[in-house]
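Reader: Could you walk me through this model, starting with a helix and the residue that follows it?

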Amino acid sequence: MAKVVVLGVTGEKGLWLVDIAAGTVTPVQVPASGDLAAAVKQRDAGGVFIKNVDFAVAVSSADTVFSGHVDG
């Protein structure tokens with residue numbers, strides 16, 4: 001099972017490394033070349049890249065999630 005996820009939020013620049021086991025989130029420095037750089041280039045052009053993630057949703061605040069709502 002994956003213990004680390006790299007994510008980006010629509011409308012926000014940059015990527016984040018979420019370490020599930022450690023409970024941390026840190027910014028990712030995108031490399032100049034390689035697979036991650038190619039995926040970021042696709043993202044910058046409006047593409048979506050998803051691999052081995054079966055649920056993700058961006059909401060306006062943590063309170064929204066804890067109240068049981070998902071923004072539309």
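**Around α1**

Author: Just after α1, Gly46 takes a positive phi of about 100 degrees. This is a predicted model, where local features need pLDDT of at least 70, side-chain atom pairs count only at pLDDT 80 or more, and totals for chains, interfaces and linings use all residues. Residues are numbered from 1 along each chain as its sequence is written, and side-chain values use heavy atoms, with hydrogens and water left out.

Reader: Is Gly46 buried or exposed?

Author: Gly46 sits in the loop between α1 (35-44) and α2 (62-66); helices (H or I, at least four residues) and strands (E, at least two) are DSSP runs, numbered from the N terminus. Buried means under 20% relative accessible area, exposed over 50%, and partly exposed in between (1.4 Å probe, protein chains only). Because its relative accessibility is 62%, Gly46 counts as exposed.

Reader: How far apart are the C-alpha atoms of Gly46 and Thr10?

Author: Along the chain, Gly46 and Thr10 are 36 residues apart.

Reader: Why are the buried residues of α1 on the same side?

Author: The buried residues in α1 are Ala37, Ala39 and Val40. They lie on the same side of α1 because they cover an arc (taken from the directions from the helix axis to the C-beta atoms) of only 160 degrees around the axis.

Reader: Which exposed residues does the face of α1 turned away from its buried side carry?

Author: Look at the face of α1 turned away from its buried side. The exposed residues there are Asp35 and Lys41.
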